[in-house]
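Work through the exercises below with the sequence and the coordinates at hand. Each task is followed by a solution in steps.

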Amino acid sequence: MSGNPDFDLYQPAEEHEALREAIRALAEKEIAPHAADVDEQERFPQEALDALNASGFNAVHVPEEYGGQGADSVATCIVIEEVARVCGSSSLIPAVNKLGTMGLILNGGEDLKKQVLPEIAEGKMASYALSEREAGSDAGSMRTRARKDGDDWILNGNKAWITNGGISTWYTVMAVTDPEKGASGISAFLVNKDDEGFGVSKTEKKLGIKGSPTAELYFEDVRIPGDRILGEEGTGFKTALRTLDHTRPTIGAQALGIAQGALDAAIEYTKDRKQFGQSISDFQNTQFMLADMAMKIEAARLMVYTAAANAERGFAPGNQKLGFMAAASKTFASDVAMQVTTDAVQLFGGAGYTRDFPVERMMRDAKITQIYEGTNQICRMVMARQVIGK
Ligand code: COS
């Protein structure tokens, strides 16, 4: 599963198909049985974390030289997709481990990479802290500050909507180092959960992905060593946006997996369910709905893998195609996931509206994919800028 940038997008590589088989088997055996309970109890999917850690699927993107598997971006998407097919919350373990370490991989110093990445490969988790209560879509208006004190940095402020906050060990934190310079006055840092003055002030009560904590973080005079900065001072906002160019496809993959899970459940149910003396899958109305759902999923899959392959090929930062495809794949796949899961609930009828079946959970989980890692409106803005050439 070594990094292979030579993808044939129209035919999955053998190693990708073998990977899908392995992760699907693990997800169905170890993760699916707990998905409903994780949602019902709003608890962290510890069984999923244990199973992913034991099999090395927790952070497959970590390069081999740092103790990881060095899986390519398409392979990483396949892992996320297959976990999401059975449990949206659990799929955020591999997805956010990538999001939380991408800035380090793209822009971090060698010593810091050697310190942090092996820990993530071994099972500790990482999160990404960009958003604040008053700086969501307008991420550049953040208020969290970092000031230099000798060789160290001292961080003060709050971050909001942090996926897996409180569970993760490492946090990529964007903070203002020079308020006069706007986006060029923001820097990126790595903060450890044990750094004094760091903590979780609140976790959200949510519609979906209830097994993945979404936390507000606080930083009270958090002192970190100077070498925990990622790249040069003032490059943090660009690192944050470059990260999203690599990780929006992973949210596309999550959306894709949720949609596939809902379609699979709907096919099984409509074959089994009898009304008017026949399976409801024998009605053309049902068949057309299932065909549309499958068609949209296949289109989304091609876009997600294409965007992931673009990222793998390492187009230059800010490259038109990379940013466009990352935003487009996430937007398209998440809109598909919302449509497909809603249709799946419809095909289940009254049963679909109950927690006796997984499709209502999938519909709730799908919704967030239209919102996080850039709302689909912001993603359309990113796409439009590139289309128009501004
Ligand atoms: N890669 C590298 N650099 C990038 C970039 C990219 N994909 N996109 C923009 N930049 C650079 C710009 O070139 C600009 O640099 P210069 O000042 O040197 O020209 C700088 O970053 C600031 O960019 P811009 O002026 O476009 O910033 P805006 O404040 O207008 O914001 C949006 C841009 C809205 C696109 C950005 O804030 C965004 O993506 N917001 C959503 C954030 C998000 O996804 N949050 C969810 C967090 S994860 S749950």
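**Exercise 1.** Determine how helix α3 is oriented relative to helix α7.

Solution. The axes of α3 (residues 73–86) and α7 (residues 284–313) come within 8 Å of each other and cross at roughly 140 degrees, where axes are lines fitted to C-alpha atoms over the stretch in contact and angles run from 0 to 180 degrees between N-to-C directions. α3 is therefore oblique to α7, since angles under 35 degrees count as roughly parallel, over 145 as roughly antiparallel, 65 to 115 as roughly perpendicular and the rest as oblique. Next, with contact meaning heavy atoms within 4.5 Å, Ser73, Val74, Cys77, Ile78 and Glu81 of α3 meet residues of α7 including Arg301, Val304 and Tyr305.

This is a predicted model, in which local features need pLDDT of at least 70, side-chain atom pairs count only at pLDDT 80 or more, and totals for chains, interfaces and linings use all residues. Residues are numbered from 1 along each chain as its sequence is written, and side-chain values use heavy atoms, with hydrogens and water left out.

**Exercise 2.** Repeat the analysis for α3 and helix α4.

Solution. The axes of α3 and α4 (residues 88–107) come within 6 Å and cross at roughly 160 degrees, which means that α3 is roughly antiparallel to α4. In this contact α3 contributes residues such as Thr76, Val79 and Ile80, while α4 contributes, among others, Pro94, Ala95 and Lys98.

**Exercise 3.** Which residues are closest to the ligand?

Solution. Of the 21 residues that surround the ligand, the closest are Ser137, Lys238, Asp245, Arg248 and Arg385, counting a residue if one of its heavy atoms lies within 4 Å. A polar side-chain atom of Lys238 lies 2.7 Å from a ligand oxygen atom.

Technical notes. Helices (H or I, at least four residues) and strands (E, at least two) are DSSP runs, numbered from the N terminus. A polar contact is a pair of N or O atoms within 3.5 Å; within protein, one must be able to donate a hydrogen and the other to accept it, and residues adjacent in sequence count only if both atoms are side-chain atoms.
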